[in-house]
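Q: Could you take a close look at one part of this model for me, the cluster of aromatic rings and the strands around it? I'd like the geometry as well as the setting.

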Amino acid sequence: MTSTPRLLAAATLILATTMYGTTAHADDDPNDPPGTEPSASAPVDVDPNDPDLKLPDGATLAQAKVLDIKSVVEEQSGDERREDTNTSVTLALQAEVLFGKDSSKLGAEAKSRIRGIADEIRTQNATRVRVFGFTDDLGSSAHGDVLSKRRANAVHDVLSQSLNDAGITYEVRGYGEQYPIADNSSEAGRKKNRRVEVSFPRSEP
């Protein structure tokens with residue numbers, strides 16, 4: 001079986017927009033979980049009385065919605081996962097790539113990867129960046145909350161130093177075992193869930 005650098009994992013339709021806070025380090029009380037932001041408003045007006053729509057008598061149009069195409073690409077090793085929509089980019093790095101076991105200390109290679117993310121943030125001219133930490137469900141929930149916050153803070157520190165831009169607002173949170181992206185019943189799934197996600201809006205076309 002041949003291997004490829006990246007594997008297209010999924011493509012789905014979602015309602016998308018982005019909501020940001022202004023904190024520099026992880027909040028103790030996260031409120032908006034990732035991926036639950038409200039829909040963007042429709043980009044065009046639709047006239048429900050337009051004869052070309054040919055609606056049956058008495059029928060009305062539903063409220064217009066914006067559907068954003070999301071593509072998810074994952075390295076075959078699973079070390080990195082990328083989600084692209086029309087409005088944002090989310091890069092997820094597995095904890096094992098960044099940290100030692102039960103640690104929030106970054107090594108030289110991990111810092112290099114994070115600086116690569118900083119380069120893309122700079123390319124997109126993003127002024128709002130979210131850094132979210134997650135763990136698997138092993139151990140206590142309280143320990144996972146603390147560890148995920150520390151890891152998110154560590155990634156934030158390297159990003160902010162690399163970008164060195166006072167105009168960028170960061171939202172940094174630790175979600176612990178909340179919002180898994182894989183099944184925690186297997187080690188392969190838990191490995192995917194132990195991650196740090198960095199997300200930022202795309203520049204205007």
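A: Here's a walk through the aromatic cluster, starting with the strands. Keep in mind that this is a predicted model. Strand β5 (residues 128-134) runs parallel to β6, and the two pair over six bridges. Within that pairing, F132 sits opposite R173 of β6. To get from β5 to β6 the chain passes through helix α3 (residues 141-163), and this β-α-β crossover is right-handed. Strand β6 itself (residues 169-174) is mostly covered, with five of its six residues buried.

Now the rings. The structure has three aromatic pairs. Take F132 and Y175: their ring centres are 5.1 Å apart and their planes meet at 85 degrees, so you'd call that pair edge-to-face. This pair ties together distant parts of the chain, since F132 belongs to strand β5 while Y175 lies in the loop between β6 and α4 (187-193), 43 residues apart. Both F132 and Y175 are buried.

Y175 has another partner in Y179, again edge-to-face, at 5.2 Å centre to centre with 80 degrees between the planes.

Put together, ring pairs join F132, F134, Y175 and Y179 into a cluster. There's a charge involved as well: R195 places its charged end over the ring of F134, 3.8 Å from the ring centre.

Definitions and conventions: Residues numbered from 1 in each chain as written. Predicted model: local features only at pLDDT ≥ 70, side-chain atom pairs only at ≥ 80, totals over all residues. Heavy atoms only, no water. Buried < 20%, exposed > 50% of the residue type's maximum accessible area, 1.4 Å probe, protein only. Helix = DSSP H or I, 4+ residues; strand = E, 2+ residues; numbered from the N terminus. Pairing = 2+ DSSP bridges. Right-handed = clockwise from strand over helix to strand, strands pointing away. Phe/Tyr/Trp six-rings, centres within 6.5 Å; stacked < 30°, edge-to-face > 60°. Lys NZ or Arg CZ within 6 Å of the ring centre and 35° of its normal.
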